[in-house]
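Please keep the sequence and the 3D view open while reading.

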Amino acid sequence: MAIEKTVIVLGGGIVGICSALALMEGGLKVVLIDKQEPGQGASYGNAGVISPWSVVPQSIPGLWRYLPGWLLNSDGPIAIRPGYLPKLLPWGIKFLNQGTPEKIKRISEAMSTLNRSNVMLYRSLLRNTGNEHLITDSYYVHAFRQEHKIDVNSADYQFRKARGAVIERIGQQELRVLEPSLAKDFKGAVLIKGQARTLAPGEVGRVLLGKFLALGGTVLTENIQSLNPKNGGWKLTTTSQVHQSDTVVIAMGAWSAKLLQSLEIKVPLEAERGYHIRYPDSQTCLNHSVMDVDLKLVASSMSSGLRLAGTAEFTGLDRAPSEKRISSLISIAGKMIPSLKEQTPKTWMGTRPSMPDSLPCIGESKKHPGLFTAFGHGHCGFMMAPRTGELIAELVLGKSPSVDLDCFRPERFNS
Ligand SMILES: Cc1cc2nc3c(=O)[nH]c(=O)nc-3n(C[C@H](O)[C@H](O)[C@H](O)COP(=O)(O)OP(=O)(O)OC[C@H]3O[C@@H](n4cnc5c(N)ncnc54)[C@H](O)[C@@H]3O)c2cc1C
């Protein structure tokens with residue numbers, strides 16, 4: 001018999017959808033609220049990489065040495081809007097402070113907790129939906145232009161190997177056979193095997209949302225304005241109405257921290273914007289997820305065309321996309337896959353919800369029981385979403401979590 005308790009999930013990105021679905025499957029009544037069609041935020045436009053071996057945090061020892069070069073290069077992987085630096089600085093310091101050998105060991109372990117079963121979980125979520133093809137086996141091909149930089153024993157590959165990843169180095173000729181469309185100046189690659197990729201991240205969200213609705217879940221299109229404690233529960237105000245519930249899950253991606261401000265919960269969540277360009281008419285097809293290691297762009301053939309995604313742009317929330325970044329991406333795409341040079345892509349911008357330690361906030365607020373968080377997944381939110389959903393369901397149902405959640409405490413930067 002279903003337990004009569006309504007949970008409101010705020011935000012219908014892939015993390016909100018997976019959480020809402022897991023809560024429904026746990027026997028709860030669930031309302032999912034988003035201001036737009038669910039699954040359309042960062043969860044729509046990402047690179048679609050699903051890797052059990054994504055265990056390397058963004059902040060690693062010695063990273064600071066590369067930052068000036070990246071920032072000075074207009075085609076570099078990182079951009080900070082002039083004027084935004086003072087705002088970004090406190091987050092940036094916290095970010096760099098996470099890059100110590102001791103800390104990254106702990107972070108890597110926590111990333112593995114969320115990622116190690118991601119391929120299996122997506123396959124299981126899509127089973128019997130008629131959309132199983134949306135997840136396909138893949139290598140992660142890290143393509144290098146400079147041979148001396150190809151080192152399968154570097155720290156980031158060691159981290160992956162320690163978790164069981166099979167990693168192999170291939171030379172120029174083998175790379176040409178594996179991915180004939182890549183530019184000829186790539187000298188070789190590192191293959192990370194045993195991964196998957198999605199052919200349509202937005203479609204995966206849509207299918208899982210369909211499962212949620214079929215189980216009796218409710219979706220409301222409303223713009224969330226504020227959240228306040230009321231009568232031992234929560235009063236949620238949207239532009240359309242006021243909701244009341246004992247239990248609320250915040251899964252609003254990069255917009256989550258703003259909502260928590262009025263509850264005096266400070267979370268160092270940064271909006272890290274990324275872009276993709278998509279070539280719907282391209283005949284070029286890649287066989288795997290391919291990263292141009294120099295330019296940090298990830299390319300993948302998807303059902304809607306060849307997509308190249310990347311860039312970490314810090315400029316705050318809600319600003320218009322940068323035309324400069326887009327033209328830079330187009331130029332990089334042509335260097336990576338020459339057949340794209342003559343074609344005009346569609347463009348997209350989205351916002352990663354990024355924490356300084358590359359770990360999401362998954363837990364119940366210490367200060368406010370009944371308030372759960374599921375946000376901050378940064379570069380890995382698509383692949384971490386299914387396990388996040390399971391953990392949120394365990395927490396809301398009052399079960400002992402199946403893993404130690406200490407690393408994911410929402411208030412961890414305040415204590
Ligand atoms: C270029 C790029 C490439 C990436 N590549 C990968 C990859 O290959 N693999 C991977 O695992 N991850 C990848 N990511 C990261 C991943 O996409 C994100 O971590 C993930 O999508 C975050 O999901 P989310 O549900 O937390 O947030 P979102 O998808 O952003 O969803 C948040 C939702 O909250 C809603 N919302 C916000 N404010 C309000 C409000 N006031 N009222 C109502 N609703 C609101 C939004 O409408 C949105 O639907 C990439 C990201 C980018 C940008």
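Which domains does the domain assignment of the chain give? The assignment gives domain 1 (6-43 + 203-268 + 357-414) and domain 2 (55-198 + 270-354), with bounds that come from an automatic or database domain assignment. This is a predicted model, in which local features need pLDDT of at least 70 and side-chain atom pairs count only at pLDDT 80 or more, while totals for chains, interfaces and linings use all residues. Residues are numbered from 1 along each chain as its sequence is written.

**Domains and their contact**

- The C-alpha centres of domain 1 and domain 2 lie 26 Å apart.
- Across the boundary, 30 residues of domain 1 are in contact with 31 residues of domain 2, where contact means that the C-beta atoms of two residues, placed from the backbone, lie within 7 Å.
- On the side of domain 1 that touches domain 2, helix H9 (201-214) and helix H12 each supply at least two residues; helices (H or I, at least four residues) and strands (E, at least two) are DSSP runs, numbered from the N terminus.
- The residues of that side of domain 1 divide into 17 nonpolar, nine polar and four charged, with Ala, Val, Leu, Ile, Met, Phe, Trp, Tyr, Cys and Pro counted as nonpolar, Asp, Glu, Lys and Arg as charged, and the others, Gly among them, as polar.

**Surroundings of the ligand**

- There are 39 residues around the ligand, of which Gly13, Gly41, Gly253, Gly274 and Gly381 come nearest; a residue counts as near a molecule if its C-beta atom, placed from the backbone, lies within 6 Å of it.
- Among the elements that give two or more residues to this shell are helix H1 (14-25), strand E2 (29-34), strand E13 (270-279) and helix H12 (381-396).
- The shell is made up of 16 nonpolar, 20 polar and three charged residues.
- Because domain 1 and domain 2 both give residues to the shell, the ligand lies between them.

**Sheets**

- An open sheet of six strands has the order E8-E2-E1-E12-E19-E18 with mixed pairing, two strands being paired if DSSP finds at least two bridges between them.
- Strand E8 (218-221) and strand E18 (361-364) stand at the edges of this sheet, each with a single partner strand, so one side of each is left without a neighbour in the sheet.
- E18 pairs with strand E19 (residues 371-375) in the antiparallel sense over four bridges, and Ile362 stands opposite Ala374 in E19.
- H1 lies across strand E1 (6-10), E2, strand E12 (247-250) and E19, and runs at about 165 degrees to E2; axes are lines fitted to C-alpha atoms, for helices over the stretch in contact, and angles run from 0 to 180 degrees between N-to-C directions.
- Strand E10 (residues 233-238) and E11 pair in the antiparallel sense over four bridges, with Thr237 opposite Val242 in E11.

**Helix packing**

- The axes of helix H6 (residues 118-126) and H12 come within 9 Å and cross at roughly 70 degrees.
- Asn118, Leu121, Tyr122 and Leu125 of H6 make the contact with Met383, Met384, Pro386 and Arg387 of H12.
- The residues of this contact divide into six nonpolar, one polar and one charged.
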